[in-house]
Amino acid sequence: MLQALVTGASNKLIAIKLGITEATVKVHLKTLLRKIDVNNRTQAAIWAMNNGFTAQGAPVPTRCLNAA
């Protein structure tokens, strides 16, 4: 869902891609917005990019921990 938001996909496109209804996308999107504490899909896309999500695939690590 976050990857789709980063690309600017509509609810309809997300529904088709995931094989679910648009109503289900809206429910999941509302839950996602609440969980990451943002107000809209644009803020969610920004949050996703700031937390390592890309349009192409899985999350990318944003930090490396080096052993001492």
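A contact here means heavy atoms within 4.5 Å. By that criterion, and leaving aside neighbours within four places in sequence, N11 is in contact with E22, V25, K26, L29 and R41. The model is predicted, and its mean pLDDT is 85, with 82% of residues at 70 or more. The protein contains 4 helices and 0 strands, in the order α-α-α-α from the N terminus.

**Overall organisation**

- The protein has 68 residues, of which 25% count as buried.
- Among contacts between residues at least 6 apart in sequence, 47% join residues at least 24 apart.

**Nonpolar core**

- The largest nonpolar core has 15 residues, and those touching the most other members are L2, L5, I14, L32, I36 and A44.
- At least two residues of this core come from each of helix 1 (2–7), helix 2 (11–18), helix 3 (22–35) and helix 4 (41–50).
- The greatest contribution to the core is that of helix 3, with 4 residues.
- Apart from neighbours within four places in sequence, L5 is in contact with I14, L29, L32, R41, A44 and A45.

- N11 lies in helix 2.
- The relative accessible area of N11 is 15%; because buried means under 20%, N11 counts as buried.
- A polar contact of 2.8 Å joins the side chain of N11 to the side chain of R41.
- R41 is also among the residues in contact with L5.

**Helix 3**

- Helix 3 comprises 14 residues and spans 20 Å from its first C-alpha to its last, close to the 20 Å expected at 1.5 Å a residue.
- The buried residues in helix 3 include V25, L29, L32 and L33.
- Exposed residues V27, K30, R34 and K35 are carried on the face turned away from the buried side of helix 3.
- The cover over the buried residues of helix 3 includes helix 1, helix 2 and helix 4.
- After helix 3 comes D37, which has a positive phi near 60 degrees.

**Helix 4**

- A44, A45 and A48 are buried in helix 4. Viewed down the helix axis, the buried residues of helix 4 fall within an arc of 100 degrees, so they line one face of the helix.
- T42 and N50 are exposed on the other side of helix 4.
- Helix 1 and helix 3 are the elements against which the buried residues of helix 4 pack.
- A side-chain oxygen of N40 comes to within 3.1 Å of the backbone nitrogen of T42 at the start of helix 4.

**Confidence in the model**

- Among the elements, the lowest mean pLDDT is that of helix 1 (90), and the highest is that of helix 3 (97).
- Residues 58–65 have pLDDT below 50, and beyond near neighbours in sequence this stretch has 9 contacts in the model.

How values were computed
Residues numbered from 1 in each chain as written. Predicted model: local features only at pLDDT ≥ 70, side-chain atom pairs only at ≥ 80, totals over all residues. Heavy atoms only, no water. Core = buried A, V, L, I, M, F, W, Y, C linked by side-chain atoms within 4.5 Å. Buried < 20%, exposed > 50% of the residue type's maximum accessible area, 1.4 Å probe, protein only. Arc of directions from axis to C-beta. Polar contact = N/O pair within 3.5 Å; in protein donor to acceptor, adjacent residues only side chain to side chain. Expected span 1.5 Å × (residues − 1). pLDDT = per-residue confidence, 0-100.
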